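Here is a short tour to follow with the model open beside you. Each stop picks out one part of the fold, and the terms are spelled out along the way.

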Amino acid sequence: MRHGNKINNLGRKTAHRKAMLANMACSLIEHKRINTTVAKAKALKQFVEPLITKAKSENNQEIAGSTHNRRVVFSQLRSKEAVTELFSTVADKVGERPGGYTRIIKLGNRLGDNAEMALIELVDFNELYNAGKPAKKKTTRRSRSAKKAEETTVENTSADVTNEEATDKTNE
């Protein structure tokens with residue numbers, strides 16, 4: 001019986017499954033999107049998103065936590081190049097995103113064995129979906145007060161300009 005076992009074994013033993021997910025995660029990080037079956041894509045999503053969160057939190061923290069997070073991620077991925085890419089390019093791109101770093105798009109069935117195929121990709125690296133959206137500016141409380149200060153200075157300068165125009169007309 002499989003009561004309470006939520007992991008999808010994907011028809012493989014533990015070591016084979018972990019190695020396969022590590023290889024797929026390295027490919028996903030390197031190429032930013034890969035084609036695979038829907039079941040493997042869902043398993044890969046659960047595998048790679050916590051790693052991206054560790055890489056993202058490392059960029060926001062001080063230097064002290066960086067080595068530990070890199071070692072934890074390296075123990076899962078087993079590829080220096082993928083870890084470097086993850087902690088540099090990917091972590092910078094997804095820094096503002098609170099989660100949901102990957103997207104699964106179903107593609108239909110494979111001709112050979114009729115397996116459901118899917119495209120799994122990193123969300124922020126798709127230029128087609130992000131083309132129309134401008135880059136978001138980070139808003140804080142301070143920026144609101146700064147905007148109000150700018151508005152008052154703009155109003156003051158416009159009032160000064162109208163006062164100068166009025167004095168110019170009276171002088172003529």
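## Charges over a ring

A charge sits over a ring if NZ of Lys or CZ of Arg is within 6 Å of the ring centre and within 35 degrees of the ring normal. Which ring has the charged end of K32 over it? That ring belongs to F125, and the charged end of K32 is 5.0 Å from its centre. K93 also lies over the face of F125, at 5.3 Å from the ring centre.

Pairs of aromatic rings are another matter: the structure holds zero of them. To pair, rings of Phe, Tyr and Trp (its six-membered ring) need centres within 6.5 Å; planes under 30 degrees apart would count as stacked, over 60 as edge-to-face and the rest as tilted.

## About the model

This is a predicted model, in which local features need pLDDT of at least 70 and side-chain atom pairs count only at pLDDT 80 or more, while totals for chains, interfaces and linings use all residues. Residues are numbered from 1 along each chain as its sequence is written, and side-chain values use heavy atoms, with hydrogens and water left out.

## The overall layout

The chain has six helices and three strands. Helices (H or I, at least four residues) and strands (E, at least two) are DSSP runs, numbered from the N terminus. Read from the N terminus on, the order is α-β-α-α-α-β-β-α-α.

Buried residues make up 30% of the 172 residues in the chain. Here buried means under 20% relative accessible area, exposed over 50%, and partly exposed in between (1.4 Å probe, protein chains only).

## The strands

Two strands pair if DSSP finds at least two bridges between them. Strand β3 (residues 116-122) pairs in the antiparallel sense with β2 (residues 102-109) over seven bridges, and with β1 (residues 33-37), also antiparallel, over five bridges. Along β3, A118 is the bridge partner of K106, E121 stands opposite R103, and M117 stands opposite T37.

## Contacts across the chain

Helix α1 holds both M24 and H31. M24 is buried, at 11% relative accessible area, whereas H31 is partly exposed, at 49%. The C-alpha atoms of H31 and E121 are 8.8 Å apart, although 90 residues separate them along the chain. For M24 and T36, 12 residues apart along the chain, the C-alpha separation is 9.2 Å.

G99 lies in the loop between α4 (80-93) and β2 and counts as partly exposed at 27% relative accessibility. Its C-alpha atom is 9.1 Å from that of I52, 47 residues away along the chain.

## The second largest pocket

On a 1 Å grid over the protein atoms alone, a cavity is a set of points where a 1.4 Å probe fits but cannot get out, and a pocket is an open set with protein on both sides within 12 Å along at least five of seven lines; lining residues have an atom within 4 Å of a point. The second largest pocket has a volume of about 280 Å³, where grid points are joined across faces, edges and corners and the volume is the space filled by probe spheres set on the points.

Both α1 (14-31) and α2 (38-60) supply at least two lining residues, and α2 gives the most, with five. The lining includes K6, R17, L21, K42 and F47. By type, the lining divides into five nonpolar, three polar and four charged residues; Ala, Val, Leu, Ile, Met, Phe, Trp, Tyr, Cys and Pro count as nonpolar, Asp, Glu, Lys and Arg as charged, and the others, Gly among them, as polar.
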